[in-house]
Amino acid sequence: MNNSDMPIRVLFVCLGNICRSPLAEGAFRTHLKNRNILSRFVVDSAGTGGYHAGEKPDPRSIKIARDMGVDISQQRSRKLELDDYQHFDYIIAMDRTNLRDINARKPTQATSQVTLMLDELGVKGQDVPDPYYGGPSGFEQVWKLVDRATHSLLDRILTASTDSVTRLD
Ligand code: 4NP
């Protein structure tokens, strides 16, 4: 088996894993399904805090995703674990606080690449705003951002995997 047969593993991380990262996971899965490449990937999400572990996504997240034709209701919140740093090729932080917390816990031998979600849109250092304390429009804004950013992320990952296969040949 060479590298091209291995699934590409992508983890989206926010604070609570009930608002932003479930939407990013849902949007990314949808892009994969639309391109018929879901089986080549392992996709998950997690939170740097474990306050909502075991819970469904926030009802406002479930609603905006459903409005966009995406069912995220089967997702369950979980806390980021040390094993995630070995398991996932890409760990995508929703905001700069998440990025700092993820990097602070990162084991020295960790192989995953940790980056910020909106860096995929070409503007560095921007946060996906936390909609938890706001109204439904915040969730709509988050969906729009993560839908675009996960689309760009997928292009970047596919380019990187094509490059690595070409190097192996
Ligand atoms: P998320 O939003 O990090 O996008 O899932 C939050 C969810 C819950 C809390 C904060 C942010 N909370 O404090 O419980």
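Mentor: What follows begins with the basis of the model, then turns to the salt bridges and the cores.

This is a predicted model, in which local features need pLDDT of at least 70 and side-chain atom pairs count only at pLDDT 80 or more, while totals for chains, interfaces and linings use all residues. Residues are numbered from 1 along each chain as its sequence is written, and side-chain values use heavy atoms, with hydrogens and water left out.

Side chains of opposite charge can pair when their charged atoms come close. A salt bridge is defined here as a side-chain nitrogen of Lys or Arg within 4 Å of a carboxyl oxygen of Asp or Glu. By that rule, the whole structure contains 12 salt bridges.

One of them joins the side chains of Arg20 and Asp95, with 2.9 Å from N to O. This pair links distant parts of the chain: Arg20 belongs to helix α1, Asp95 lies in the loop between β3 and α4 (96–105), and the two are 75 residues apart. Helices (H or I, at least four residues) and strands (E, at least two) are DSSP runs, numbered from the N terminus. Arg20 is buried, at 2% relative accessible area, and Asp95 is also buried, at 11%. Buried means under 20% relative accessible area, exposed over 50%, and partly exposed in between (1.4 Å probe, protein chains only). Arg20 and Asp95 also belong to a network of salt bridges that includes Asp130.

Other pairs lie within a helix. Lys63 and Asp67 form a salt bridge with their closest N and O atoms 2.8 Å apart; because they are four residues apart in helix α2, about one helical turn separates them. Glu140 and Lys144 form a salt bridge at 3.8 Å between the closest N and O atoms, and these residues are likewise four apart, in helix α5. Glu140 is partly exposed, at 36%, whereas Lys144 is exposed, at 53%.

The setting is nonpolar. A nonpolar core is a set of buried Ala, Val, Leu, Ile, Met, Phe, Trp, Tyr and Cys residues joined through side-chain atoms within 4.5 Å. The largest has 35 residues, of which Val10, Phe12, Phe28, Phe41, Met94 and Met117 touch the most other members. Elements giving two or more residues to this core include α1 (20–34), α2 (59–67) and α5 (136–168). Helix α5 gives the most, with 10 residues. A second, separate core of 13 residues includes Tyr85, Phe88, Ile102 and Ala110.
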